[in-house]
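Please look over the structure below before reading on.

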Amino acid sequence: MSRLRGFVASWFFAPYRGSADLDLFKRLARTPLDYELVQVRRAGADPQILAIPMEARFSRTEISTDHAQPRTRRTRDDFIAGVLAKFREAPTPYDFLLSHSNEVPSHAAALECRKLRPDVPWIAYFGDPVLKNPYVAHMAEYPLHAEDCATEAATLEQADVVLCNNPWQRDLMFSGPLAKHAHKAVVVPHCFEPAFYPSAPAELPGLFRFLHLGTLYSVKRTARPLLLAVDRLLELYPRYANRFEVVFRGGPYHAGDRETWASMRHADHVRLEPEVPFLESLAIMQRAHVLVSIDGIFDEAEHGLTASPFFPGKLVDYMGAGRPITAITMERGPTADVLRASGNLVADERPDRIAFVLKRYLDGKAPTGTPDWSRYSSRVVGAEMEAVLRAAARRAAGVEVQAAADEARQRALASLIRSAS
Amino acid sequence: MTKAPLVSVIVPVFNLELYVERCLESLAAQTLRELEILVVDDGSTDASPEVLQELAAKDDRVEILRQPNGGHGAAANRGIEKARAPFVMFVDGDDFIEPHVTSELVAEAQRTEADLVMGNLRYRLPGGRTDTFRPVPGVSRVLSDDDRRALFGVSATPCARLYARRLFVEGGVRFPTGVLFADVSFSPKTYLAARRIAYLDRELYEYDLTRPSQSMKQTNRRLLDVVASLDDLLDDCAARGWFQPWRTELQRYTLKHVIDWLPKIRGLPAEAHVEALRTLFGVLERHFGGAWVGAPLREAAGRRRGLLIEQARRLGYAPLAWSWALEGLATEADDVVERAVGAPLAGYRRVKAALKRRLLSRLVL
C-alpha cells in the first residue's frame, strides 16, 4: 500500500507532554503514513517522547507565538498564518488534511486551507466538544468562545469526516441543528503507547497506594470528593488508619483542593505531589495499587447533560500501566462504560460511594488483575486511524470510514492475539 | 446456629453498601451469642446485596431477606413476620450497637418481666461529636403510669429498645407501610400494647447522623407523610379501643408532631404552604375536632404561637403562610437597606486600602 502524505494542523503535539499533545501523537505514531505537521512552540518539550519506534514519519514545523495566551486574536492569527504558509508550500496536493482540537484554531486554520484546496479530503478531530462543553459555564473568563463555537459549527459542516474519541461526545456534538451532519462522525478512542512504559516489572510499595495522576480543575473536576471520602472511610472504619495512602501527582493544586486537604481530619493519608515528566509519570503509575481517574460531574438540570462526553486521555495511559483503575465519574459516559465493562469499580461524586470503592479495593474485593486493554493499544488504534485516514483520502462516506476503522480494529486485535499465542 | 435464639435482631437495609458491614460486625461481636440476625434488603440498588451475601457467609446466624423496595416500615414488618426469638430488636443498617447491648437488654427484660425495655440513643454527629437522647428523664426504673403517659410528649424511635415478641404476635403491632416517618406511628402503639415498660439509663444504640441522606431535603413534599403515619396510629388506636382511654396523650403526641413539623413545612416552596398547612393540621381536625385548640395548643406551641395558630385556623391556616411570606419580604428589604448603608463604608475602606498601599507603605517603616 502506498504511503499517503497528509497535512496536519494541530496546536498541540509531541514532543510536548500535555494530554492533547500526546493524544494525537499516540494515534498517529503507528500509522505508516507521512505527515507535514504544524504546531505551536511551547515550553516543556520532552524529546524522549519522539524517540519511540514509529511507523509514521513526521515533518514538524513549530510556530512561535505567545503560547501561554492561546485565547487572543493575535496568537491565533499567528498560528493560522503559519499553517497556511506551510500548506501553500507543498508542490503537490496532500492526500488528506487533518486538524485537531484542542486548540480550536487548528480547525480555523484547516477551514482556510480548505478554501485554498477544496479537493483535499479533510478529517477534523475534536478532542472535546466546544459549544456544548459544560466547563465553559464555570469559567469566569473564556475569551473567543463564541468564535470557537462558530469554528466548530463551520468545521462540522465543511469537514468530510469528523473524528470523535467516544460515542457520547459524538452524540452531544451532533445534537440539535448540527444533527444533520451526524453521518460524517467516526469514533476512534484514545490509546496508550506500550513503548512508553518501562519493561521491567514495577515493585509495589508496602503501603496500599491509590494514585491520581494529572491535572485537576478549580471546579467540577477536583480532588474534593476523594479527600472527603478518605475522611469518611476512616471515620466509619478506623481499622484502615495507616493502611493506605492517596497520592495526587499533578498540580498546581487549586485553592479549593488545598483548603479541603488542610481541613481533613486524616490529611496524613493524602499527599499532594508536584507534576512529573510524562514518561516518568507512566513509571509512577506502575507503582500504585489502584489508579484513580476523576471526571467532572455534570447534571441535566444545570448543564443539560445525562452523560459525560469526556474520555480522559489519562485513562488510557492508566491502562498501559497494567494496574486496576477506578474512577469518579458520571453514571453514564466513556469512563463508566470502559471501566464497568472491565469489572473495575466506579463511583459518582458522593463521598460515601467513593469511600465504599476505596474499601472494596483495600479489602481485596475489587478486581486486582489487569483486564485485556489491547483494544486501546496504539497498535490497534493506530490501525483504526490509518484506516480512517486512507478511507477519507479516497473520499469514502462517514459510514464507510467507520466500517473501515472497525474492520481494521478486528484485524489488528486478531493479529495481536496471534502474536501473543 | 447452636442454640435457640433469644433475640431476633431485625436490620432493615436500603442502599447502605458502605455502612452495613459496620452494623453486622457490631451484631456479630455481641457478647450474647443467641441471636437471630434478620437482614431485610429492601430492594437495594447499590452493592448492598453483594456485601450482605459476603457477611452472611461468615456468620450462620445472619439470614438475608430480600424484597422489592417498600420502605422502612415494610422492611421492618417483614422482619417481624420472620422473627422466632422471644425478644425482638431493631438496628438500622447504618447504625450499630456496642457488644454488651443485647445481653444487657435481655437481662433487664428478664429481671423486670417488662415486655418493652428502653435505653438511650447516642447520636453520632459530624466531626466525631456525640450527644445523648434520653426518652425518659431520670434513673433506670420500671415505668409508672405517669412515666408511660410522659412518653407521648417525646419523639419516638423504635431503636435502643428490646420488645417481647408477644407485642407483635398477640398485640399485632406493626409499622405503617408506604410512608416515611413510620416510627411516628409504631412507637406509641408499643407503649400501649406493652404490659410493663422498663427504662435503662444507658446508651444502648449508636445512631449515625452523619450520613448525608439522613437530613431530608426540606423541599421534599414527602415530609407530609407524617400525616399518614399519624392517621395510621390514631385509626389503629380507635380500632383497638385505645383511643378514648388515651385520648389526651394521643392528642398531645399528635400536636407535638404537628408543631414540630411547621419549620419543615416552611422549607417547602411558598406556593405549597397553605395546602401543606391544611394537610398537616387536618390530622388534628379529623381525630380531635376542635378539642386541641386552646390550652392544649398553647401548652404544645407556647402562648404566642398558640394564639397565632388559633387565629390562622379561622382562615384555613393561610395567615401562617402569609406571616412567613411577610418575614421573607422583611428580610429582603433589610438586605437592600444594609447594602445601601454599607456601600459608602465599603467605598471608604477601598480608598483607605489604596492610600495605605500607595502612600503609607512608602512612608512608614
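B:Asp260 is partly exposed, having a relative accessible area of 33%, while B:Lys256 is buried at 19%; here buried means under 20% relative accessible area, exposed means over 50%, and partly exposed is what lies in between, with a 1.4 Å probe and protein chains only. The side chains of these two residues, B:Asp260 and B:Lys256, meet in a salt bridge at 2.8 Å from N to O, a salt bridge being a side-chain nitrogen of Lys or Arg within 4 Å of a carboxyl oxygen of Asp or Glu. Because B:Asp260 and B:Lys256 are four residues apart in helix H9 (residues 247-266) of chain B, about one helical turn separates them. Helices (H or I, at least four residues) and strands (E, at least two) are DSSP runs, numbered from the N terminus.

This is a predicted model, in which local features need pLDDT of at least 70 and side-chain atom pairs count only at pLDDT 80 or more, whereas totals for chains, interfaces and linings use all residues. Residues are numbered from 1 along each chain as its sequence is written, chains are lettered from A and ligands numbered from 1 in the order in which they are written, and side-chain values use heavy atoms, with hydrogens and water left out.

## Other salt bridges

Side chains of opposite charge can pair when their charged atoms come close. Over all chains, the structure holds 66 salt bridges. One of them joins B:Arg313 to B:Glu285, with the closest N and O atoms 2.7 Å apart. B:Arg313 lies in helix H12 (residues 303-314) of chain B and B:Glu285 in helix H10 (residues 273-288) of chain B, so this pair ties together parts that are 28 residues apart in sequence. B:Arg313 is partly exposed at 28% relative accessibility, and B:Glu285 is also partly exposed, at 27%.

In chain A, the side chains of A:Asp77 and A:Arg73 meet in a salt bridge of 2.8 Å, N to O, and both residues lie in helix H2 of chain A, four residues apart, about one turn of the helix. A:Asp77 counts as partly exposed at 39% relative accessibility, as does A:Arg73 at 35%. These two residues belong to a network of salt bridges that links A:Arg71, A:Arg73, A:Arg76, A:Asp77, A:Glu103, A:Glu147 and A:Asp148.

A:His212 is found in strand E8 (residues 208-214) of chain A and is buried, with a relative accessible area of 3%. Which residues is A:His212 in contact with, leaving aside its neighbours within four places in sequence? They are A:Val247, A:Phe248, A:Arg249, A:Val292, A:Ser293, A:Ile294 and A:Tyr318, where contact means heavy atoms within 4.5 Å.

A:Tyr94 has its place in the loop between helix H2 (73-89) and strand E4 (96-101) of chain A, and it counts as buried at 6% relative accessibility. Apart from neighbours within four places in sequence, the residues in contact with A:Tyr94 are A:Arg5, A:Gly6, A:Phe7, A:Glu36, A:Lys86, A:Phe87 and A:Val120. The C-alpha atoms of A:Tyr94 and A:Pro121 are separated by 8.8 Å, the two residues being 27 residues apart along the chain.

## Surface patches

On the surface of chain B, a nonpolar patch is formed by B:Val351, B:Leu355 and B:Leu359, which together have about 280 Å² of accessible area. Patches are made of residues with over 30% relative accessible area and no salt bridge, like charges being joined within 9 Å and nonpolar side chains (Val, Leu, Ile, Met, Phe, Trp, Tyr) within 5 Å; accessible areas come from the Shrake-Rupley method with a 1.4 Å probe, and for residues only the protein chains shown count as cover. B:Leu355 is found in helix H13 (residues 318-363) of chain B and is partly exposed, at 46%.

## Chain B as a whole

The secondary structure of chain B comes to 13 helices and nine strands, and its C-alpha atoms fill a box of roughly 85 × 60 × 40 Å along the principal axes. Of the 365 residues in chain B, 49% are buried.
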